[in-house]
Amino acid sequence: MQQQTGDAWAVTYEIRVDDPTGSTLSDIRVEGAEARGDESKLHKIGTEATTRTDGAGSAWVHEAVVLAKQRASVSATPAPGVTAECRILLDGKREIAKQTSDGPGEPVDCSVRTPSFK
């Protein structure tokens, strides 16, 4: 068991879809720890609903802790006919990864190593 010791980032995983009324995401997976000191691992979340945002779409958001220079990843499959975009943010602000699904109903996957602390 690898504990989260040392420099760690607060990571925000975000999946946005182009359906403003809300949609269902399936096969959601995130990598990281739920809290500082917990083991970093791949979490299979399963199915979740997106919630309406101020923009044209809706989103699902998940917070995790990832050590510096470790892998942060999120993936999900949107409902048929819906296009998804994933983003990975550090401290809720700094975008370090962004990807759009290849087409409606196609899975989206973001993966990146977090930067070191300076």
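# Questions on a nine-strand predicted model

Me: How many helices and strands does the protein have?
Reply: This is a predicted model. Its secondary structure holds no helix entries at all: the count is zero helices and nine strands. From the N terminus on, the elements therefore read β-β-β-β-β-β-β-β-β. The tally is zero helices and nine strands.

Me: What is the radius of gyration, and what does the globule rule give for 118 residues?
Reply: The C-alpha trace spans about 40 × 25 × 20 Å along its principal axes. The protein is as compact as a globular protein of its length, because its radius of gyration is close to the value from the globule rule. The two values are 14 Å for the protein and 13 Å from the rule.

Me: What share of the 118 residues is buried?
Reply: Buried here means under 20% relative accessible area. The accessible surface of the protein comes to about 6400 Å², and 45% of it belongs to carbon and sulfur atoms. The buried share of the residues is 42%.

Me: Among contacts between residues at least 6 apart in sequence, what percentage join residues at least 24 apart?
Reply: Take the contacts in the protein between residues at least 6 apart in sequence. Those that join residues at least 24 apart make up 66%.

Me: Which residues touch the most other members of the largest nonpolar core?
Reply: In soluble globular proteins, nonpolar side chains tend to be buried together. Here the largest nonpolar core has 24 residues. Those touching the most other members are V11, Y13, I15, L25, W60, V74 and I88.

Me: Which strand gives the largest share of this core?
Reply: Two or more core residues come from each of strand 1 (8–17), strand 2 (24–32), strand 5 (58–67), strand 6 (71–78), strand 7 (84–90) and strand 9 (108–113). The largest share is five residues. That share comes from strand 1.

Me: What does V74 touch, beyond residues up to four places away in sequence?
Reply: V74 is among the core residues that touch the most other members. Its contacts include Y13, I15, W60 and I88.

Me: Is S73 buried or exposed?
Reply: S73 is in strand 6. Its contacts beyond four places in sequence are Y13, R29, V30, E31, I88, C110 and S111. A polar contact of 3.4 Å also joins its side chain to that of R71. With a relative accessible area of 5%, S73 is buried.

Me: Which side chain makes a polar contact with the side chain of S58?
Reply: S58 is found in strand 5 and is buried, at 0% relative accessible area. Its side chain reaches the backbone oxygen of D19 at 2.8 Å. It also makes a polar contact of 2.7 Å with another side chain, that of T50.

Me: How many residues and how many Å lie between A64 and P78?
Reply: A64 is in strand 5 and is buried, with a relative accessible area of 6%. Leaving aside neighbours within four places, A64 is in contact with W9, A10, V11, Y13 and A33. A64 and P78 are 14 residues apart in sequence and, C-alpha to C-alpha, 21 Å apart in space.

Me: Which residues form the aromatic pair?
Reply: The count comes to one aromatic pair. The rings are stacked, at 4.4 Å centre to centre with 20° between the planes. The pair links distant parts of the chain, 108 residues apart: strand 1 and the segment after strand 9. Its members are W9 and F117.

Me: Which is buried and which is partly exposed, W9 or F117?
Reply: Below 20% relative accessible area a residue counts as buried. W9 has 11%, so it falls under that limit. F117 has 36%, so it is partly exposed. The buried one is W9, and the partly exposed one is F117.

Me: What is the phi of K69?
Reply: K69 is found in the loop between strand 5 and strand 6. K69 is exposed, with a relative accessible area of 53%. Although K69 is not a glycine, its phi is positive, at about 70°.

Me: Where is D27 found?
Reply: D27 has a positive phi of about 50° although it is not a glycine. D27 is partly exposed, at 42% relative accessible area. Its place is in strand 2.

How values were computed. Residues are numbered from 1 along each chain as its sequence is written. This is a predicted model: local features need pLDDT of at least 70, side-chain atom pairs count only at pLDDT 80 or more; totals for chains, interfaces and linings use all residues. Side-chain values use heavy atoms; hydrogens and water are left out. A nonpolar core is a set of buried Ala, Val, Leu, Ile, Met, Phe, Trp, Tyr and Cys residues joined through side-chain atoms within 4.5 Å. Buried means under 20% relative accessible area, exposed over 50%, partly exposed in between (1.4 Å probe, protein chains only). Helices (H or I, at least four residues) and strands (E, at least two) are DSSP runs, numbered from the N terminus. Contact means heavy atoms within 4.5 Å. A polar contact is a pair of N or O atoms within 3.5 Å; within protein, one must be able to donate a hydrogen and the other to accept it, and residues adjacent in sequence count only if both atoms are side-chain atoms. Rings of Phe, Tyr and Trp (its six-membered ring) pair if their centres lie within 6.5 Å; planes under 30 degrees apart count as stacked, over 60 as edge-to-face and the rest as tilted. The radius of gyration is taken over C-alpha atoms; the globule rule is 2.2 Å times the number of residues to the power 0.38. Accessible areas come from the Shrake-Rupley method with a 1.4 Å probe; for residues, only the protein chains shown count as cover.
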